[in-house]
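Good morning, and thank you for the time.

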Amino acid sequence: MTPRSLFDLMQAPSVLSREAAKAITDRALSYSTADECRIVLRSGWSGNTRFAGGEITTAGGSTDTSVSIISTVGKRQASVSTNLLDDDGLRRAVEQSERLARLSPEDPELMPELGPQQYTSVDAYAPATAQLGPEARAQAVEGIFAAARSEAGGSTGINPQDLFVGGFLEADAGVGLAVATSRGLFAYNPTTNVDLSTTVRTPDGTGSGYASIASRDWSQVNAADIGRTAARKAIASRNPQAVEPGRYTVILEPRAAADFVPLLRGSLNARSADEGRSAFSDGPNKSKIGQKVMDERVTLLSDPFDPMTASTPYDGDGLPLKRVVWIEDGVLRNLNYNRFWARERGVEPSGASNALIMRGGSKSLDQLIQETERGILVTRFWYIRFLDQRTVMVTGLTRDGTFLIENGRVSRPIKNLRWNESPLLALNRLEDIGQAEQVSSSMVMPALKIRDFQFTSLSDAV
């Protein structure tokens, strides 16, 4: 047998076909003696490259196929997972899940397994991503280094070789979720995904910049642009000055908006709203559906069929997903009903994907800045924690490039700030909205201009 190199082992293998996936789930179901059984199969490859200090520090890859068996006995349910796919391994896992189910307490909200469903096919698989081996990833990282160093050349006063450039590149391809049930359901859809992020620090330790991109398709990713953007922010953010905390007009770049707006997701749960535990509750057993809840320029939706957020068209139960508009022109249109709560309320379950799209406007980020007399420009947020679920009040810090805007231009870098704010309340103070762009493979966000954003204290951290 010819020895194989580590590089060979890190290359993406062939994706498990629909026929092969169904053969595995059929074998597992054949061993079941429970009242009902569901098989959830995950199979795929992932490869990653980590870099720091201007060099690649680690690179790795893994392949795995795992099967979760969810057995139901009466109103009792339990699950067991295994990646032993021979007959004995699958049989033992099925038997163990049934033993555990019989020992489990009854679940009064347990829903029956689904039978055959109709799914809309989603093209969420890109060969360029599936073929992103270690050599190609290394070339992309070298492109980041070269672009960052090029940005530091000229009159910046920085030796380009002294820039600290670090980050992470990860790609995956395969069957993220295949579902089969003892009632005859089978769902299969292959996917790919790639995430790339980099942080650049200046040699004096005072400047830091960040940029990232994610996509289903590696051919749509320009790694050099990421390095260039992060380096530009790092150089511009050197020697930040303190500003007095308080309420400011703020411009959130799309990355910062993606850290902030999705915090509303928890409030979009129908049961929480009906039981008075949500920002969208409106008294006992009543939600705010149909009411205006924020600025009329805000539209939020989830769509697994949109090219920018294409994803698996079903959930872990095998329930088909659909396009759902949560907020339209500032009006709350829908809340997320799981199967149990939908049955309790006599409505259809939402079947909503985790993807989130916020409709944008026509203005560029530069235009938003030019139309701002005084404000703060934020690259991204981090260390976000909830303060009050009912108002969606959260706290967090700015990071990797925070700047003061004066008279329509970025005037100087400022020290990072802690903030206390609610996306629900902030989107009622929306002044303007920029062009939407893809921030991750499941997120599309615009830049947002918000008045009276509350900054509470300074942070000396870079």
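Predicted model: local features only at pLDDT ≥ 70, side-chain atom pairs only at ≥ 80, totals over all residues.

Residues are numbered from 1 along each chain as its sequence is written, and side-chain values use heavy atoms, with hydrogens and water left out.

The protein has 11 helices and 18 strands, where helices (H or I, at least four residues) and strands (E, at least two) are DSSP runs numbered from the N terminus. Its radius of gyration is 25 Å, close to the 23 Å that the globule rule gives for 462 residues, so the protein is as compact as a globular protein of that length. That radius is taken over C-alpha atoms, and the rule is 2.2 Å times the number of residues to the power 0.38. Along the principal axes, the C-alpha trace spans about 70 × 70 × 35 Å. Of the 462 residues, 51% count as buried; buried means under 20% relative accessible area, exposed over 50%, and partly exposed in between, with a 1.4 Å probe and protein chains only. Among contacts between residues at least 6 apart in sequence, 72% join residues at least 24 apart, a contact being heavy atoms within 4.5 Å.

Now the pockets. On a 1 Å grid over the protein atoms alone, a pocket is an open set of points where a 1.4 Å probe fits, with protein on both sides within 12 Å along at least five of seven lines; lining residues have an atom within 4 Å of a point. Grid points are joined across faces, edges and corners, and a volume is the space filled by probe spheres set on the points.

The largest pocket has a volume of about 880 Å³. It is lined by 29 residues, of which Thr229, Lys233, Glu253, Leu365 and Glu437 lie nearest its centre. Elements giving two or more residues to this lining include strand S7 (208–215), helix H7 (254–260) and strand S17 (430–440). Which element supplies the largest share of the lining? That is H6, with 6 residues. The lining divides into 14 nonpolar, 7 polar and 8 charged residues. Here Ala, Val, Leu, Ile, Met, Phe, Trp, Tyr, Cys and Pro count as nonpolar, Asp, Glu, Lys and Arg as charged, and the others, Gly among them, as polar.

The second largest pocket has a volume of about 340 Å³. Its lining of 15 residues divides into 5 nonpolar, 8 polar and 2 charged. Thr312 is one of the residues nearest its centre. This threonine sits in the loop between S9 and strand S10 (324–328) and, at 15% relative accessibility, counts as buried. Beyond four places in sequence, Thr312 touches Leu177, Asn189, Thr191, Pro304 and Leu321.

Leu301 lies in strand S9 (residues 300–302) and is buried, with a relative accessible area of 1%. Its contacts beyond four places in sequence include Val325, Trp326 and Ile357.

Asp329, with phi near 50°, is partly exposed at 46%. Asn407, with phi near 55°, lies between strand S14 (393–406) and strand S15 (409–413) and counts as exposed at 67%.
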